[in-house]
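Biologist: Please put the model up, and then let's go through it together.

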Amino acid sequence: FRTLLAIKTAGTLSRAAVALGVSQPALSQHVRDMESKLGVPMFVRGAGGMTPTAYGDAVWQLAASLRADIGVAAEALWHASRNDKPPLRIGSMSVTSGGILAVALGRYASEAANPACVLVEGSREVLLEHLHHRRIDMFVGRLADDEPPSGMLRETLFQDSCVVISSLRHPLARKSRLNMEALYDHSWIVPAEDTSFYKQIAESMRRAGVAQPEARIASYSMLALAAVVSTSELLGFLPMSLYASGTLSNSVRRLEVDLAWTPSPLGIVMWRDASLNPRAQRLLEILRAVAGSARASAPHA
């Protein structure tokens with residue numbers, strides 16, 4: 001399992017061998033032995049590296065799940081040995097971990113009676129899988145269209161839209177009102193195409209009948225996107241919730257762009273029995289207050 005995880009992450013045998021502290025021939029033989037025992041090919045070998053087959057992906061997902069479960073169990077054992085309460089484990093998408101959740105966790109941690117938290121960042125699909133198996137106590141992020149499984153509760157905290165941002169020194173930062181057509185000549189950094197945020201932007205622009213700007217850079221990280229914009233002449237998109245949370249107010253400027261953005265709900269999903277935990281209840285109270293402040297301060301395009 002460690003071999004599969006290392007090769008999937010590294011992409012090549014040579015880099016995976018370095019990460020595992022073994023020789024490349026030994027690792028290559030280990031992969032062949034593994035494939036022989038299972039009777040299926042785990043990887044496709046190519047000039048660019050090793051790509052998992054459908055069989056490799058299936059076993060890799062099992063390996064990742066087991067690693068997560070073992071990590072949670074080891075942590076629980078460690079806290080039990082100290083007669084200590086385990087930390088609250090929060091799974092968050094990047095849209096919330098750098099925004100309203102960051103503000104809420106800061107307030108939560110300042111309360112001496114509250115124990116430590118562990119923040120796990122990832123995609124919605126991965127985090128909801130962790131929640132299903134109780135590897136995390138709460139999911140915070142962009143909510144899916146379907147209802148959560150029986151026994152779970154879901155609460156919307158913020159109807160998220162989008163803002164266009166620039167650096168504080170960008171020439172457009174001094175403009176009062178703009179339309180998208182005025183921005184096409186500038187360079188852009190945008191969310192990666194397979195992210196929910198990109199799809200939200202695409203849907204809004206499709207409804208408005210305007211074209212999307214050509215991107216110089218695509219990013220899976222909201223914080224990296226904002227950092228690139230703040231230190232360059234590039235323009236970018238940012239979730240309204242992240243901008244309105246105030247965590248980036250000193251580094252980027254919102255451009256007043258006329259466009260009706262399609263809203264997307266941000267909120268929490270958790271098991272109903274876990275919601276009875278006083279620590280989870282308190283964090284949820286703080287999240288509601290922070291989201292309320294963000295709604296009140298959110299600019300209206």
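Biologist: Which element gives the largest share of the lining of the largest pocket?

Modeller: That's α8, with five residues. Helices (H or I, at least four residues) and strands (E, at least two) are DSSP runs, numbered from the N terminus. A pocket is an open set of points on a 1 Å grid over the protein atoms alone, with protein on both sides within 12 Å along at least five of seven lines, and a residue lines it if it has an atom within 4 Å of a point. A cavity would be a set of points where a 1.4 Å probe fits but cannot get out.

Biologist: What should I know about the model itself?

Modeller: This is a predicted model, where local features need pLDDT of at least 70 and side-chain atom pairs count only at pLDDT 80 or more, while totals for chains, interfaces and linings use all residues. Residues are numbered from 1 along each chain as its sequence is written, and side-chain values use heavy atoms, leaving out hydrogens and water.

Biologist: Back to that pocket: how much space lies in it?

Modeller: About 700 Å³. A volume here is the space filled by probe spheres set on the grid points, which are joined across faces, edges and corners. The lining has 26 residues, and the closest to the centre are Met93, Arg142, Thr195, Ser196 and Phe197. Two or more lining residues come from each of α5 (94-97), α7 (124-132), α8 (196-208) and β12 (264-271).

Biologist: What's that lining like by class?

Modeller: It has nine nonpolar, eight polar and nine charged residues. Nonpolar covers Ala, Val, Leu, Ile, Met, Phe, Trp, Tyr, Cys and Pro, charged covers Asp, Glu, Lys and Arg, and the others count as polar, Gly among them.

Biologist: And what about the second largest pocket, what's its volume?

Modeller: About 300 Å³. Ten residues line the second largest pocket, with Trp60, Ala64, Ser65, Val126 and His130 closest to its centre. Here α4 (54-81) gives the most, six residues, and α7 also supplies at least two. By class, that lining has four nonpolar, three polar and three charged residues.

Biologist: α7 keeps turning up. What does Leu127 touch?

Modeller: Leu127 sits in helix α7. Setting aside neighbours within four places in sequence, Leu127 is in contact (heavy atoms within 4.5 Å) with Gly91, Ser92, Met93, Val120, Glu121, Gly122, Ile136 and Phe139.

Biologist: Is Leu127 buried or exposed?

Modeller: Leu127 counts as buried because its relative accessibility is 1%. Buried means under 20% relative accessible area, exposed over 50%, and partly exposed in between, using a 1.4 Å probe and protein chains only.

Biologist: Which strand pairs with β10 in the antiparallel sense?

Modeller: That's β7 (162-167), over four bridges, with Cys162 opposite Pro239. β8 (188-191) runs parallel to β10, joined by two bridges, and Ile189 stands opposite Gly236. Strands pair if DSSP finds at least two bridges between them.

Biologist: You mentioned a cysteine. How many disulfides are there?

Modeller: Zero in the whole structure, where a disulfide is a pair of cysteine sulfur atoms within 2.5 Å. Cys162 is buried, with a relative accessible area of 2%, whereas Cys117 is partly exposed at 30%.

Biologist: What does Ser161 contact?

Modeller: Ser161 is in the loop between β6 (152-160) and β7. Beyond neighbours within four places in sequence, Ser161 contacts Phe197, Gln200, Leu238, Pro239, Met240, Trp261 and Thr262. Ser161 is buried, at 14% relative accessible area.

Biologist: Last one: how many helices and strands overall?

Modeller: Eleven helices and twelve strands. Buried residues make up 45% of the 301 in the protein chain, and its C-alpha atoms fill a box of roughly 65 × 50 × 35 Å along the principal axes.
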